[in-house]
Amino acid sequence: MLSRHRLPLRSIDRLACGGGDDELLTLLSNGQFSSRLVGLRALLELASAQQFLLGIDEAWDLLVTAQQKSPERVREVLLLPQVGVWLADLLRRMRGTMESTEPLWVGVGYLRCVAVAAAHRCAVEFSLDVPVSRGLISVPSLGIATMPGARPWDVARAENISGRLSFSCGDHAVRVPDDENWSPVRRIGAGAFTPLLDDVEPHRDFRAQQVEPQRLAEGDVARWAGGLAEAWTLLGTAHANALSALVSTIVPVPEVNAKLYSGSSADAYGAVLMSEPPDSAAFAEVLAHEVQHTKLAALATMEPLCAIGGPARHYAPWRDDPRPISGLLQGVYAFLGVADFWRERRVVAASARADFEFAYWCGQTTHTARILRECRELTKLGRRFATVMAARLAQWSPIRVGALPRREARLAAQDHRATWRARHLTPDPVAVGRLADAWLAGEPRPGNPLPPSMLTPRPTTPPVRTELRRIRLWEPAGFAEHAATVPTATAADLLHVEGEHEAAARQYAADIAERPHDVPAWIGLGLSDPAAGALLRTPEVVLALHAEVLRRTGVAPDPRAIATWAGE
Amino acid sequence: MQDAPEVSCELVDLTGISLDELRHTGDESVAASVCTMLRDVSDPIQRNARMSNVSDTDSTCSGSSLPERHDEREPLPLITC
C-alpha cells in the first residue's frame with residue numbers, strides 16, 4: 001500500500017509564522033503533484049466508462065514516454081494551473097455538477113494538449129490527434145494556435161518532428177514558433193522568479209470555464225516585466241522563496257469596478273490572477289498576499305485544517321460580509337503575509353503608507369486570529385496553525401508606528417467593525433422596546449450592558465472612508481483633487497477625514513435626518529462625535545432604537561442626542 | 001499532536017510512482033483519494049472554499065484596496081477569505 005504524505009510539525013509551524021523553509025515548500029509542491037495525479041486517475045476512471053472521439057489512452061501513452069525521458073519536465077507541465085483548472089472543471093462536468101457548451105469529447109481530449117506540451121518540452125517526437133476548441137488549439141505553457149478553416153469543435157493533427165512543433169487541420173497548418181497564427185505564452189522574470197505571463201490559454205482564468213485570449217501588446221508585457229522587477233526588490237526572502245517555489249503563472253486580468261483585482265484558487269495552484277497594479281509596492285503586496293493563499297491551499301489539500309460548510313459566520317476585517325471559518329483561516333494567513341510585507345517595508349523605507357498598512361492589517365488580523373483559534377470547526381492541525389499565527393501576530397503588536405498613521409489605522413478599524421455590526425447584527429426587539437420606553441419618558445438609559453444582538457447578514461456596500469484616509473496619508477497635498485474621484489464619498493466624509501470633526505458630526509446628523517437608514521453616516525457620526533461612542537460599540541442598538549422611536553412617534557429623534565443617551 | 005514530530009496527511013503520496021504505474025495501480029489509498037477528490041469537486045461549497053476573492057455578495061477579500069471579483073460562472077469556487 002502506498003504511503004501518505006508526511007509533514008514535519010516544526011516546518012508547519014514556520015509556515016504558520018508566514019514563512020516556510022525550502023524543505024516544506026518542496027513538500028507542499030509534492031502534495032500538489034500527488035493531488036494532480038489523483039485527479040488524472042479520477043479522470044481515467046470516469047472516462048473508462050464512455051467512448052470519446054479522442055480517447056485518453058494515446059495521450060496517457062505519450063505522457064508516459066515523456067516522463068521516462070524527463071520526469072521533472074512532465075511534472076512541471078502537470079502542475080500548471082491551467083491544467084488544474086481544466087482537470088477540476090472536467091471532473092465537475094463528468095460528475096454532472098457543471099455544464100458547458102463545449103462537447104465533452106473536446107474537454108476530455110484536452111489531455112492530449114497537455115501531453116503535447118509535456119512531450120515537446122521533453123523533446124519527444126510524436127504525431128497525435130488533438131482537439132480544436134472554439135477554433136483554437138491550446139498547448140498549456142507554450143501557446144495557442146488559431147486554426148484557419150477549422151470548425152469550432154474539430155480535430156487537428158499535432159506533430160513534433162526534429163524539434164519542430166506543428167498543427168494541421170484540413171488544408172491549413174500552423175508551424176511553431178514563427179507562424180502568424182501561433183501566439184506563444186511569454187515569460188517575465190525577476191531574480192529566481194520567472195513566471196509565465198499567460199494572456200492566451202483558455203483555462204488561465206479560474207473564474208470562468210474558458211476565456212478568450214486577451215493578447216497583450218509587447219509594450220504591455222514590458223511594463224508587466226518592469227513592474228515585477230521593481231516589486232521583486234521589495235519582497236522579503238520568505239515571500240520571494242515561496243513565489244519562486246510555488247507560483248508559475250501570472251494571469252493579467254482587467255480591473256474590477258475600476259480597482260486593483262487579485263485572486264487565486266486551489267484549482268489553479270500556481271497561478272496569481274491580477275490586474276496591473278498602480279505601483280511596485282501594490283504589485284509586491286498582491287504577490288505577498290496571494291502566495292500566502294497558495295501556501296495554505298497547498299497545505300489544506302494535503303491535510304484538512306477546518307471543516308468546510310459549517311454554519312458559523314464571523315466578522316472578518318477584509319470583507320464586508322460575515323465569513324465562514326475557512327474564510328477566516330485563509331484571510332488571517334493572507335493578511336499576516338500582508339502585515340509582514342509592510343512591516344519589512346517600513347524598516348527599509350519608512351513611509352506613512354507603510355506605517356498605516358502595517359498598523360491596520362496587523363491590528364485587524366491580530367483581532368481575527370484570536371477569534372479564529374477558538375473556533376470549534378478547526379481540526380487539530382488547524383487549531384495549531386491558528387494558534388501559531390496568533391502568536392506571530394502578537395509579536396508584532398508592540399511595534400509602534402507614527403502617530404498619524406496609528407490614529408488613522410485605529411479609526412479605520414473602528415469604522416469597519418462598527419459598520420459591519422450595524423449592517424449584520426439585530427438587537428433583541430423587546431429590549432429595544434424598553435429602551436424606547438425610557439427615551440420617550442425622558443428617563444436615563446436602563447440596563448447595563450446594552451441588549452444582545454443576533455447575526456442577520458444583509459447586503460453591504462464597501463466603506464469609502466478608509467479609501468479617503470489612504471489618499472490623505474499618501475498624497476496630502478492632492479487630497480481634494482483625488483478625493484473627488486471617490487464616487488460615494490459625502491461632504492461629511494471629507495470633513496471627517498480632514499479632521500474637521502465637529503463640522504463632520506453636524507453634517508452626518510443632517511445626512512441621517514434625510515436618510516435615517518444611512519449606516520455609513522451613522523458610523524461617521526460615531527467616529528466624529530466623542531459623545532456618540534455607542535455608535536462604535538453597539539451601533540445596531542442605537543439604529544434600532546432610533547427607528548423604534550421614529551416608528552412610534554413619527555418624529556425622528558436627534559441622532560447625536562440618542563447616541564449619547566445610549567452610551568450613558 | 002503536540003508531541004508528534006510530523007503529521008501523517010490524508011493525501012496519498014504519489015510522487016514515487018510513474019504515470020504508467022498510476023494507470024494500473026489497484027492501491028486502496030489511491031482509490032480513497034480519488035473518492036475524496038470526486039466528492040469535493042462535486043460540492044460547490046468545497047469549490048468556493050478553494051478560491052480567494054470570491055463571495056456571494058459584493059464584498060472584498062482584500063480590504064478596501066482590492067475589490068471583489070465577479071463570478072462569471074454559476075456555482076463555482078475560489079480560496080475564499
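## Strands, helices and cores in a predicted model

Strand β10 (residues 196–197) of chain A and strand β11 (residues 249–252) of chain A pair in the parallel sense over two bridges, where pairing requires that DSSP finds at least two bridges between the strands. Helices (H or I, at least four residues) and strands (E, at least two) are DSSP runs numbered from the N terminus. This is a predicted model, in which local features need pLDDT of at least 70 and side-chain atom pairs count only at pLDDT 80 or more, while totals for chains, interfaces and linings use all residues. Residues are numbered from 1 along each chain as its sequence is written, and chains are lettered from A and ligands numbered from 1 in the order in which they are written.

Five strands of chain A form an open sheet with mixed pairing, in the order β9-β10-β11-β13-β12; its edge strands, β9 (186–187) and β12 (262–263), each pair on one side only.

Turning to the helices, the axes of α3 (residues 57–69) and α6 (residues 104–121) of chain A come within 9 Å and cross at roughly 20°, the axes being lines fitted to C-alpha atoms over the stretch in contact, with angles running from 0 to 180 degrees between N-to-C directions. That makes α3(A) roughly parallel to α6(A), a description used for angles under 35 degrees.

The largest nonpolar core has 151 residues, such a core being a set of buried Ala, Val, Leu, Ile, Met, Phe, Trp, Tyr and Cys residues joined through C-beta atoms within 7 Å, with buried meaning that 20 or more other C-beta atoms, placed from the backbone, lie within 10 Å of a residue's own.

How values were computed. A residue is buried if 20 or more other C-beta atoms lie within 10 Å of its own, exposed if 12 or fewer, and partly exposed in between; C-beta atoms are placed from the backbone. Angles under 35 degrees count as roughly parallel, over 145 as roughly antiparallel, 65 to 115 as roughly perpendicular and the rest as oblique.
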